[in-house]
Amino acid sequence: MPPQEAYNKHVTAIWKRQWLTNNGPCVNELELSLKEKLNLDHLLFVTNGTIALQLAIQALALEGEIITTPFSYVATTSSIVWEHCIPIYADINSNTLNIDPESIEKCITDKTTAIIATHVYGIPCDIEAIEGIAKKYKLKVIYDAAHAIGSCYKGQSLLSYGDIATMSTHATKLFHTIEGGAIVTRDPDLLKRLAFMRNFGHDGPGKFNGVGINGKNSEFHAAMGLCNLPYLDQIIAKRKKDSQQYDDWLIDKGLIRPELPEGTEYNYSYYPILFKNEEECLKIKSELEKNEINPRRYFYPSLNHLPYLKKQDTPVCDDISKRVLCLPLYYDITKGEIDLICRLIIRSLKY
């Protein structure tokens with residue numbers, strides 16, 4: 001949380017204006033600040049990261065099959081299903097844990113219209129390969145960059161790639177607006193369409209420009225973002241330091257970390273580790289929980305096991321999802337707490 005007095009200052013101004021929502025001053029200031037901070041052409045602040053994905057699918061007029069990853073949060077898949085498209089799962093790369101371009105190409109049919117790829121844990125996808133496949137088969141590309149604020153690839157924000165990129169600003173993210181999200185595109189015509197769509201399609205009083213939805217966000221949420229954005233670099237620097245402390249303890253103990261592609265500037269959103277098998281993963285999880293430490297099996301289970309979808313074969317993802325664990329990583333975590341977590345892990349691995 002940011003300093004409460006900073007938020008109260010914004011709230012006092014909102015109370016005075018009595019402009020609570022519908023593209024108010026705080027929303028406009030936040031959009032401009034994010035574009036400047038991330039060096040983006042166009043950005044819209046929306047209700048949440050899920051609505052951002054749904055708007056992206058609608059704005060690109062997608063139908064039929066969309067190739068996506070089974071190693072992501074459920075919203076990546078549920079947005080596709082909600083918009084009456086069919087998710088087709090490509091398998092993942094066992095090193096980066098992102099969608100595997102070779103698997104993508106094997107999944108393409110005459111019904112394929114797009115690829116939705118997640119930058120898992122803020123780690124860049126194989127952007128060149130995905131863009132090459134999209135160009136070859138005339139497919140649209142949406143990047144689910146929910147985890148990716150502050151991560152860059154070859155000097156550019158991960159939000160600058162694809163036809164559209166979406167972001168979550170939920171309270172669990174490095175930069176948050178309590179609830180919220182953003183949708184990013186380089187195409188000004190697409191931006192205009194999205195701007196209408198997030199506000200019911202309104203194009204002035206009593207006039208509509210196509211079908212829309214209520215994808216707006218409020219002044220109070222934007223104010224929280226304005227208070228948090230100045231601390232983004234500080235937050236990332238602290239998480240980098242804490243991640244290095246974990247590395248110093250754990251990397252030479254046989255535990256595996258996902259690989260960062262060359263050219264990555266990482267945001268340290270999460271600290272995932274891979275155990276040699278599910279049994280070892282569950283053993284460590286249980287031991288930590290006995291000591292009131294709460295790691296997360298993120299992401300488990302693999303999305304190809306969702307009950308409302310036909311089962312699809314993704315053996316790499318099935319394997320990875322069973323043995324990955326995200327260790328506690330947050331701004332206020334102390335050196336002593338990380339030392340304790342690591343000692344418990346190492347002790348459990350020995351016995």
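Which residues of β1 lie on one side of the strand, and which on the other? His42, Leu44 and Val46 are on one side, Leu43 and Phe45 are on the other, and all are buried, so both faces of β1 are covered. Buried here means under 20% relative accessible area, exposed means over 50%, and partly exposed is in between (1.4 Å probe, protein chains only).

Before we go on, a word about what you are looking at. This is a predicted model, in which local features need pLDDT of at least 70 and side-chain atom pairs count only at pLDDT 80 or more, while totals for chains, interfaces and linings use all residues. Residues are numbered from 1 along each chain as its sequence is written, and side-chain values use heavy atoms, leaving out hydrogens and water.

Back to β1, which covers residues 42-46. Helices (H or I, at least four residues) and strands (E, at least two) are DSSP runs, numbered from the N terminus. In a regular strand the side chains alternate between the two faces of the sheet. The neighbour to look for is β9: 5 bridges join β1 to β9, and the two run antiparallel. Two strands count as paired if DSSP finds at least two bridges between them. Within this pair, Phe45 stands opposite Ala182 in β9.

From here, move to helix α7 (residues 188-197), whose buried residues are Leu190, Leu191, Leu194, Phe196 and Met197. Among the elements that cover them are β1 and β9, together with α3 (49-59) and β8 (164-168). Contact, in this text, means heavy atoms within 4.5 Å. At the start of α7, a side-chain oxygen of Asp187 reaches to within 2.9 Å of the backbone nitrogen of Asp189. This is a polar contact: a pair of N or O atoms within 3.5 Å, where within protein one must be able to donate a hydrogen and the other to accept it, and residues adjacent in sequence count only if both atoms are side-chain atoms.

Now for the interior. A nonpolar core is a set of buried Ala, Val, Leu, Ile, Met, Phe, Trp, Tyr and Cys residues joined through side-chain atoms within 4.5 Å. The largest one has 66 residues, and Leu34, Phe71, Tyr121, Ile130 and Tyr143 touch the most other members. A second, separate core of 23 residues includes Ala56, Ile57, Ile66 and Ala114. Leaving out residues up to four places away in sequence, Tyr143 touches several residues, including Ala117, His119, Ile130 and Tyr161.

The phi of Tyr121 is near 60°, a positive value in a residue other than glycine. Most residues other than glycine have a negative phi, and most peptide bonds are trans. Ala61 also has a positive phi, of about 55°, and lies in the loop between α3 and β2 (65-68). Ala61 is exposed, at 59% relative accessible area. The bond from Tyr298 to Phe299 is cis, with omega near 20°, and a cis bond with omega about 0° joins Tyr300 and Pro301.

Next come the charges. Side chains of opposite charge can pair when their charged atoms come close. A salt bridge is a side-chain nitrogen of Lys or Arg within 4 Å of a carboxyl oxygen of Asp or Glu, and a search of the whole structure finds 15 of them. In one, the closest N and O atoms of Lys154 and Glu128 are 2.8 Å apart. Lys154 lies in the loop between β6 and β7 and Glu128 in helix α6 (residues 127-137), so the pair ties together parts that are 26 residues apart in sequence. Lys154 is exposed, at 55% relative accessibility, whereas Glu128 is partly exposed, at 39%.

Another salt bridge joins Asp339 and Lys335, with 3.3 Å from N to O. These two are 4 residues apart in helix α12 (residues 335-350), so about one helical turn separates them. Asp339 is buried, with 10% relative accessible area, and Lys335 is exposed, with 56%.

Strands β6 (residues 152-153) and β7 pair in the antiparallel sense over 2 bridges, with Tyr153 opposite Gln156 in β7. They belong to an open sheet of 3 strands, in the order β7-β6-β10, whose edge strands, β7 (156-157) and β10 (264-265), each pair on one side only.
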